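Dear colleague,

Please find below the structure that I am handing over to you. My notes on what was found in it follow directly after.

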Amino acid sequence: MRKSLGVGAVVVIAASSTAATTSIGIGLGLMAGVVGLHLPAIMLLAFLPVLGIASGYGRLNRVEPDAGSSYRWVGRTLSPWLGFLTGWVNIVTTIVFMAYTTTVTGSAIVQLVGKAGLHALPGVALDPDSSVQCTLIGMLVLLAATVVAVRGLDLAAALQKYLLIFEYAVLIAFCGYGLFSGDQPFSLSWFNPFEIPSLGALAQGMVLAVFCYWGFESVFSVGEEVHDPKDASRGGFRSLLLMLGLFLFAGTAFQRVLPMDELADNGATGLAYFAERLAHQPLAALPLVALTFSAAASLQAAVIPTARGCYAMGRDGTLGTVWTRLHPRYRTPSAGTWLITGISLGLAALSLAIPTVTELISATVNAIGIVVALYYALVAIASAVRFRHLLREDFVEGLKAVVAPLFGGVVLLLVGGYLAWTFYASADHFELAADNGWFELSVPVLMIGSGLLAAAWSRWGRRSPYFEAAQSA
């Protein structure tokens, strides 16, 4: 694959993958329902372990840039089985994310056309909380995003740059205005994590907040296409700091404008409701336009690293050779990109069993959050094991490559494990419902279980050399 990216393009890809506008638009309301008026506190608290994880990613990428990133690093350092599992759940969680973001994108578009006065098509009333309508519309956006992704990273990054400029300009303008014009009294307790209602609320809030930061590591999946491997690390850290600033700024502004009940009750339409409290149409529609751009860009940013992860696994023989086919002109893994899109579209169709967008978001984010905590922790442990000698040779570098990642990994394992236990203990039967704990727990269990089965097939069915080579390394 071509080395076509500099640090600026890397920051754009990472920022698009984390999709701050989408996380703010639909995530703050969900988190407020869990942690109350402590959105800034939970975003600050979650940033610390994520920063430690990012430090491990950066160090690993400096010594071994690879399209497989975490899959390759964990496999070579800890175990090929754990490495395969890391790559597998990374791919599966991103595909699930794409399926749900397809619906979110459609919901934003329906809300937007509603503001323009279009509330119905012939015989159909448009509803931004209808999974069926929103998913079908979002599918068209995903197909268009895939076409651009196949065309090449340079075009994708250039397009996303202009989308990001518009999104952030609108977001900063509205949140800045809300920060000073809101009528809810400001309180320093908003930044105090010790006032979060309960340990369970803290754990679920942490998982939701980590999910908001999730995606920064996408820059390491394009490490083979970056001019300098250090640019990927710089891009990842810069995007994380940018996300922290935006989340704290927006969380404080939302709480200045919206009372607790209104903030928690609006879920997937939180950004639109916030805008309507601050401005009249057509200005109030601008944040919806930004949300639509953010969701569409995140779809494109998600399919890019996932296709490269599958490319690396196909190159190692752990997946089929179809994933290694490059476009003859653009030198991108085009076959894998289209396959991932097709799987995401199929999963989006299956998700229609959950009737409303708000319930779908809640169930998906909780499930993905637990699995993300697991594979982040595995990468952190791999970094600590691989660079443990630095504690003797260069203590400062040892803190960055060993202590900080290990701290982040342990925190995420504890939080993810506690949340999984609360889901198990919250129900006594299985039901296909977003608020059923056993259903929410079954999704990460299926992701991990399918990964172990796929690893067994790669080891003994495909007889992939990855398992022997990684083990000997």
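**Surroundings of Q255**

Leaving aside residues up to four places away in sequence, Q255 touches G36, L37, H38, L39, P40, Q184, W190 and L263, where contact means heavy atoms within 4.5 Å. The model is a predicted one, in which local features need pLDDT of at least 70 and side-chain atom pairs count only at pLDDT 80 or more, while totals for chains, interfaces and linings use all residues. Residues are numbered from 1 along each chain as its sequence is written, and side-chain values use heavy atoms, with hydrogens and water left out.

Q255 lies in helix α10 (residues 229–257); helices (H or I, at least four residues) and strands (E, at least two) are DSSP runs, numbered from the N terminus. With a relative accessible area of 1%, Q255 is buried (buried means under 20% relative accessible area, exposed over 50%, partly exposed in between, with a 1.4 Å probe and protein chains only). Between Q255 and Q184 there are 6.9 Å in space, C-alpha to C-alpha, although they stand 71 residues apart in sequence.

The axes of helix α2 (residues 20–35) and helix α3 (residues 39–63) come within 10 Å and cross at roughly 100 degrees. These axes are lines fitted to C-alpha atoms, for helices over the stretch in contact, and angles run from 0 to 180 degrees between N-to-C directions. Helix α2 is therefore roughly perpendicular to α3 (65 to 115 degrees; under 35 counts as roughly parallel, over 145 as roughly antiparallel and the rest as oblique). On the α2 side the contact is made by L28, M31, A32 and V35, and on the α3 side by L39, I42 and M43.

In helix α4 (residues 70–77), six of the eight residues are buried, namely S70, Y71, R72, W73, V74 and G75.

**Core and overall form**

The largest nonpolar core has 134 residues, of which Y213, F274 and Y376 touch the most other members. Such a core is a set of buried Ala, Val, Leu, Ile, Met, Phe, Trp, Tyr and Cys residues joined through side-chain atoms within 4.5 Å. Not counting residues up to four places away in sequence, F274 touches F174, C175, A253, F254, V257 and L258.

The protein has 19 helices and two strands. Of its 473 residues, 59% count as buried. The C-alpha atoms fill a box of roughly 65 × 50 × 50 Å, taken along the principal axes.

With kind regards
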